[in-house]
Amino acid sequence: MSESALSAPILPPATLGMLGGGQLGRFFVSAAHEMGYKVWVLDPDPHSPAGRIADFHLVAAYDDYAALDRVAAECAAVTTEFENVPAATLDYLAKFVPVRPGAAAVAVCQNRIEEKGFLAGNGLPHGPYAAIRSDEDLRAADAALFPAVLKVARFGYDGKGQARVADVDEALAAFHQFKGEPCVLEKLLRLDFELSVVLARDEAGAVRCFPAAENRHRRGILDVTIAPAQSAPAGLRDEAQVVAARIAEHLGYVGTLGVEFFVCEGVLYVNEMAPRPHNSGHHTIDACDVSQYDQQVRALCGLPLGVPRQHSAAAMVNLLGELWYADGHATGAYREPDWRVLADVPGLRLHLYGKHHARPGRKMGHFTVVGEDQAAVLAQALRARGAIGVTDE
Ligand code: ADP
Ligand code: MG
């Protein structure tokens with residue numbers, strides 16, 4: 001693309017539009033505010049974390065076209081923090097204002113069948129899988145895929161809409177439980193560990209990757225992120241950045257993108273992409289010169305991307321809703337976790353999202369421990385994780 005084809009940068013105090021009011025949107029609002037922008041948030045939840053700190057919270061559905069007209073009239077550009085915003089909504093807004101990332105890129109990341117097809121079609125590494133739209137597709141699936149994970153193609157997150165299945169019969173039962181919704185059947189891989197790369201790409205095609213991070217999950221939900229990744233040799237971390245950058249290029253992506261990887265027997269496979277900042281990039285707020293949210297603002301506004309240098313080792317721990325229940329389950333007494341135990345941990349920064357009500361599995365906040373030494377930072381974070389009450393079961 002020639003320089004002259006690039007749009008003029010959007011400068012403060014312009015108003016930016018954010019579709020989705022979760023924690024990722026809330027951090028975007030903070031970053032945009034620091035840079036002098038105003039933000040309108042569209043989210044149907046009147047208590048949304050981003051809506052609470054936005055300049056204006058439009059409480060409306062994502063397909064409420066009267067609300068979208070107001071966003072288009074008020075906002076100089078629009079982005080999203082929630083990958084399930086209907087592609088039609090992004091397309092509609094794009095008639096009036098820049099929308100970054102665009103609907104086509106978001107649509108690929110919204111649907112696991114499209115996503116896998118995109119990876120396969122562009123020669124990008126992914127695990128063995130089959131697209132499942134009928135019982136026949138399952139019966140015809142390669143026996144070598146089992147044991148497998150059946151995942152609904154749309155609207156799954158934090159391990160929801162997934163079932164581990166040993167054979168075709170179990171897969172059929174799970175498929176029927178998912179009401180015959182289109183699915184992907186993935187071979188269950190023996191993971192050495194998991195990585196992610198968060199990057200930003202601007203309108204001119206420049207890509208800036210944060211160092212690859214290592215992710216540990218608990219019950220299908222991200223639990224701990226270690227950044228930079230500890231288990232991966234430098235060559236593999238670099239390769240993850242190269243693959244993530246190729247994905248962004250093939251998608252024609254503009255904005256912040258999260259790419260999740262599996263590593264099996266030393267080989268890298270793309271697991272999935274998130275067309276937005278990523279939970280495993282929260283530490284960039286406290287450990288990097290620019291955060292993934294700063295980059296999202298910059299890419300959206302056509303400003304030069306920052307250099308994503310990580311100045312400190314970091315470990316991030318997610319704080320899920322079960323911590324608000326005395327017995328760690330929704331049956332126990334509801335109470336606030338004892339934040340005093342985190343207050344004097346060196347290098348620890350606590351971030352709470354201001355969510356209205358805690359439910360088990362719901363992301364309520366996180367903390368990041370930063371410091372000089374990676375091993376010390378991780379040990380400190382794991383001690384604090386235990387002290388606040390996160391268990392390993
Ligand atoms: P979500 O949208 O919930 O993040 P993922 O597909 O990333 O869905 O799955 C969540 C986690 O489940 C992964 O990070 C990984 O730990 C585990 N997982 C998912 N698919 C597989 C697989 N094919 N083999 C092994 N583990 C998997
Ligand atoms: Mg995932």
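The model I am reading is a predicted one.

Next I read the backbone of Arg219. Its phi is near 50 degrees, a positive value in a residue other than glycine. I noted this because most residues other than glycine have a negative phi. I then placed Arg219 in the chain and found it in the loop that joins β11 (213-218) and β12 (221-227).

I turned to Phe155. Here too I read a positive phi in a residue other than glycine, near 70 degrees. Phe155 sits in the loop between β6 and β7 (162-165). Is Phe155 buried or exposed? I found Phe155 exposed, at a relative accessible area of 52%.

Then I checked peptide bonds.

Which bond at Pro101 is cis? I found that the bond from Arg100 to Pro101 is cis, and I noted its omega as near 0 degrees. I located Pro101 in the loop between α4 (87-94) and α5 (103-110).

The bond leading from Phe146 to Pro147 is cis, with omega near -5 degrees. Where is Pro147? I placed Pro147 in the loop between α7 (135-139) and β6 (148-152).

Conventions: Residues numbered from 1 in each chain as written. Chains lettered and ligands numbered in written order. Predicted model: local features only at pLDDT ≥ 70, side-chain atom pairs only at ≥ 80, totals over all residues. Heavy atoms only, no water. Helix = DSSP H or I, 4+ residues; strand = E, 2+ residues; numbered from the N terminus. Buried < 20%, exposed > 50% of the residue type's maximum accessible area, 1.4 Å probe, protein only.
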